[in-house]
Amino acid sequence: MEHRSARKARLLVNIPPERVDGTVGEGKQAKAGDIVELDQGFTGSNGEPMGLVVCRNVDGSIRWAGDVLDSEIEVLQ
């Protein structure tokens with residue numbers, strides 16, 4: 001079975017704390033420049049395209065996870 005790595009993106013803006021899941025990872029602030037893995041897409045409450053993303057530490061542990069607008073990320077691969 002082939003293992004595919006998650007698609008990655010660069011966060012273009014700081015994400016408000018209310019969109020970061022404090023129960024996952026270290027609960028760190030999501031800031032512009034963070035590299036994130038794209039997990040799943042969904043439609044936000046106002047109809048805008050959004051996605052769940054995960055930011056990892058160098059050792060692979062989760063630093064933070066949260067919801068971002070599609071316009072707040074730049075897909076890298």
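Which loop holds Ala32?

**Figure 1. Ala32 in the loop between strands S1 and S2 of the predicted model.** Ala32 lies between S1 (8-11) and S2 (35-43). Ala32 is partly exposed, with a relative accessible area of 40%. Leaving aside residues up to four places away in sequence, Ala32 touches Leu11, Leu12, Val13 and Asn14. Met50 is 18 residues from Ala32 along the chain. The C-alpha atoms of Ala32 and Met50 are separated by 17 Å.

**Figure 2. An open sheet of five strands.** The strand order is S4-S3-S2-S1-S5. Pairing is antiparallel. S4 and S5 (73-75) stand at the edges. Each has a single partner strand, so one side of each lacks a neighbour in the sheet. From one strand to the next, the twist averages 40°.

**Figure 3. The pairing of S2 with S3.** These two strands pair in the antiparallel sense. Six bridges link S2 and S3. Phe42 stands opposite Met50 in S3.

**Figure 4. The S3-S4 hairpin.** S3 covers residues 49-56 and S4 covers residues 62-69. The two strands run antiparallel and are joined by seven bridges. Met50 stands opposite Leu69 in S4. Five residues lie between S3 and S4. In the turn, Gly60 has a positive phi of about 95°.

**Figure 5. Met50 and the residues opposite it in the sheet.**

How values were computed. Residues numbered from 1 in each chain as written. Predicted model: local features only at pLDDT ≥ 70, side-chain atom pairs only at ≥ 80, totals over all residues. Heavy atoms only, no water. Pairing = 2+ DSSP bridges. Helix = DSSP H or I, 4+ residues; strand = E, 2+ residues; numbered from the N terminus. Buried < 20%, exposed > 50% of the residue type's maximum accessible area, 1.4 Å probe, protein only. Contact = heavy atoms within 4.5 Å. Axes fitted to C-alpha atoms, helices over the stretch in contact; angles between N-to-C directions.
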